[in-house]
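Let's take a look at the salt bridges in this one. Here is the chain in question.

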Amino acid sequence: DSFGQSVFKESLRRVFRTFEPDVPEDGGKMQMAFGATLEVLTSREFKVSGAIGPVTSLGKKGPNVSDLEVGKGGTNAWSLGGVDPETTVAIYFDISNPGTSPLPEGKRRFIQFLTKYQHANGRTRLRATTLCGPWYNPPPGEGEKRAPPQPGVNGYNGNMEQPSPVKMSFDQEAAAVLLARVAVDRTGSEDVADVLRWVDRS
């Protein structure tokens with residue numbers, strides 16, 4: 001191997017890649033940022049289990065930190081070092097609300113991601129991303145067979161099973177990626193055969 005090979009040239013080219021000139025404020029500046037940290041805040045109905053990706057735990061405890069650890073757990077804040085627009089981190093959560101006490105109707109969940117980093121121009125930036133969504137409480141007797149709605153109502157054609165809001169909003173591709181990350185992470189501390197059996201069961 002030598003630094004003249006294409007793999008090294010491409011790596012350096014990506015490290016020093018810049019934004020397009022017409023990008024507001026950042027045009028022509030390097031895309032990579034430095035000294036990045038990520039903190040996750042949640043509403044009290046669920047907690048942070050951990051993160052998988054290019055992260056190091058900052059050991060920050062809080063009321064929204066779950067005892068169930070996934071990846072780098074036991075904290076709600078991590079150090080990422082250098083980041084660029086293609087950096088991805090998987091965050092895992094744990095429902096803390098017991099199933100015996102359903103949430104009030106209309107209750108909403110909140111997640112906030114606080115990403116702090118040093119921009120290529122030397123300034124420190126804080127990006128806050130806040131998400132909100134409704135909780136879904138299965139109505140009593142949902143497991144029992146119910147009469148289907150009339151054909152033609154809300155797109156129901158009479159041959160389809162009426163899906164629940166959870167099924168309608170479930171992202172199978174995202175779930176597959178998150179499960180794959182957990183499996184790869186577990187291979188670092190468990191036998192590969194055990195991990196494969198766990199994946200088959202899941």
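## Ground rules

This is a predicted model, so local features need pLDDT of at least 70 and side-chain atom pairs count only at pLDDT 80 or more, while totals for chains, interfaces and linings use all residues. Residues are numbered from 1 along each chain as its sequence is written, and side-chain values use heavy atoms, with hydrogens and water left out.

A salt bridge here is a side-chain nitrogen of Lys or Arg within 4 Å of a carboxyl oxygen of Asp or Glu. Count them that way and you get eight.

## Two long-range ties

Start with Arg125 and Asp26, whose side chains pair up at 2.8 Å, N to O. Arg125 sits in strand 7 (residues 124–134) and Asp26 in the loop between helix 1 and strand 1, so this bridge ties together parts 99 residues apart in sequence. Helices (H or I, at least four residues) and strands (E, at least two) are DSSP runs, numbered from the N terminus. Asp26 is buried at 11% relative accessible area, and Arg125 is partly exposed at 22%. The cut-offs: buried is under 20%, exposed over 50%, partly exposed in between (1.4 Å probe, protein chains only).

Then there's Glu86 with Arg17, at 3.7 Å, N to O. Glu86 is in the loop between strands 4 (77–83) and 5 (90–95), Arg17 in the loop between helix 1 (6–15) and strand 1 (33–42), so the pair links parts 69 residues apart in sequence. Glu86 is exposed at 53%, whereas Arg17 is partly exposed at 28%.

## A pair and a network

Arg186 and Glu190 also bridge, with their closest N and O atoms 3.1 Å apart. Arg186 is partly exposed at 22%, and Glu190 is partly exposed at 31%. Finally, Glu10, Arg13 and Arg14 join up in a salt-bridge network.
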